Amino acid sequence: MSSNPNVIIVGAGPSGSAAAFHLLENGVRDVLVLDKASFPRNKLCGGGLTRKAQKELDRMGVYDEVAAVAYPVPKPYIVMPSGNALYARPREEKLTQMLVLNRRILDEIVMRRARQRGAEVREGVEVTELVREGGRCVGVRTRSGETRPSLSSGGNAKPSSVASATPRPTSAGVNAGGGSWPPIRPETRPPIDAWPA
Ligand SMILES: Cc1cc2nc3c(=O)[nH]c(=O)nc-3n(C[C@H](O)[C@H](O)[C@H](O)COP(=O)(O)OP(=O)(O)OC[C@H]3O[C@@H](n4cnc5c(N)ncnc54)[C@H](O)[C@@H]3O)c2cc1C
């Protein structure tokens with residue numbers, strides 16, 4: 001383990017790996033990412049990548065690699081439990097309305113990009129405890145010892161043990177879900193055949 005990391009990120013999923021990548025892009029050195037799993041690892045998820053998520057992948061330089069192995073969904077149509085539906089209007093841009101990709105594949109691509117950019121990603125290392133001093137989180141504990149960075153970040157998903165144990169949630173990265181599509185009532189929903197090609 002890097003003996004003097006500036007930053008420790010717990011979790012090498014898309015949020016942790018993206019955070020590591022952007023820290024390095026912005027001049028932070030010695031970024032250590034710890035993940036209890038070994039990649040590729042399974043992750044329960046629908047695997048849908050909105051345009052917003054695709055843009056983030058593009059910023060990280062992995063969009064083409066992801067798009068080459070993902071399934072394109074040019075006319076996504078999502079019905080919520082409430083009965084409301086979301087649909088996305090096709091746009092004439094490089095990005096597809098939605099891509100779908102198994103997270104076992106996606107997450108390894110994003111993790112490898114962070115590593116390639118210079119992050120030290122250690123797989124199979126579980127953070128068992130946060131080290132606190134004076135009410136502040138000052139480091140992490142694993143089975144092989146304790147490490148203290150000058151700054152730390154939680155990327156270990158929700159509910160993040162790091163985010164919930166620190167005064168301000170620090171989880172950041174690819175906003176994989178959500179988006180800004182307006183919900184439309186079922187009765188005003190246009191028939192799929194009426195959508196532009
Ligand atoms: C059923 C379901 C369907 C979904 N469908 C979609 C979808 O279609 N599209 C979409 O955008 N989002 C979807 N989501 C949400 C999406 O899965 C999450 O938003 C996303 O995985 C969060 O990424 P992350 O990097 O924060 O966490 P994760 O990808 O979960 O990564 C967290 C990492 O932290 C590691 N970790 C955890 N604890 C520790 C520890 N103590 N020490 C070391 N490592 C640790 C884990 O091993 C893991 O690799 C879905 C979620 C669910 C449950």
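User: Where does pLDDT stay under 50, and how many contacts beyond four places in sequence does the model have there?
Analyst: pLDDT is the predictor's confidence in each residue, from 0 to 100. Here it stays under 50 over residues 168-183, and the model has 33 contacts beyond four places in sequence for that stretch (C-beta atoms, placed from the backbone, within 7 Å). This is a predicted model, so to speak: local features need pLDDT of at least 70, side-chain atom pairs count only at pLDDT 80 or more, and totals for chains, interfaces and linings use all residues. Residues are numbered from 1 along each chain as its sequence is written.

User: What does the protein chain average?
Analyst: A pLDDT of 81, with 73% of the residues scoring at least 70.

User: Is strand β1 buried or exposed on its faces?
Analyst: In a regular strand the side chains alternate between the two faces of the sheet. In β1 (residues 7-10), Val7 and Ile9 sit on one side, Ile8 and Val10 on the other, and all are buried (20 or more other C-beta atoms within 10 Å of the residue's own, C-beta atoms being placed from the backbone).

User: Which strand does β1 pair with?
Analyst: Pairing takes at least two DSSP bridges. β1 has 4 bridges to β2 (residues 31-35), in the parallel sense, and Val10 partners Leu34 of β2. The chain gets from β1 to β2 through helix α1 (residues 14-25).

User: In what order do the strands of the open sheet come?
Analyst: β9-β10-β11, with antiparallel pairing. β9 (129-133) and β11 (145-147) each have a single partner strand, so one side of each lacks a neighbour in the sheet. β10 (residues 136-142) joins β11 through 3 bridges, and Val140 has Thr147 in β11 as its bridge partner.

Methods
Two residues are in contact if their C-beta atoms, placed from the backbone, lie within 7 Å. Helices (H or I, at least four residues) and strands (E, at least two) are DSSP runs, numbered from the N terminus. A residue is buried if 20 or more other C-beta atoms lie within 10 Å of its own, exposed if 12 or fewer, and partly exposed in between; C-beta atoms are placed from the backbone. A crossover is right-handed if, with the strands pointing away from the viewer, the path from the first strand over the helix to the second runs clockwise.
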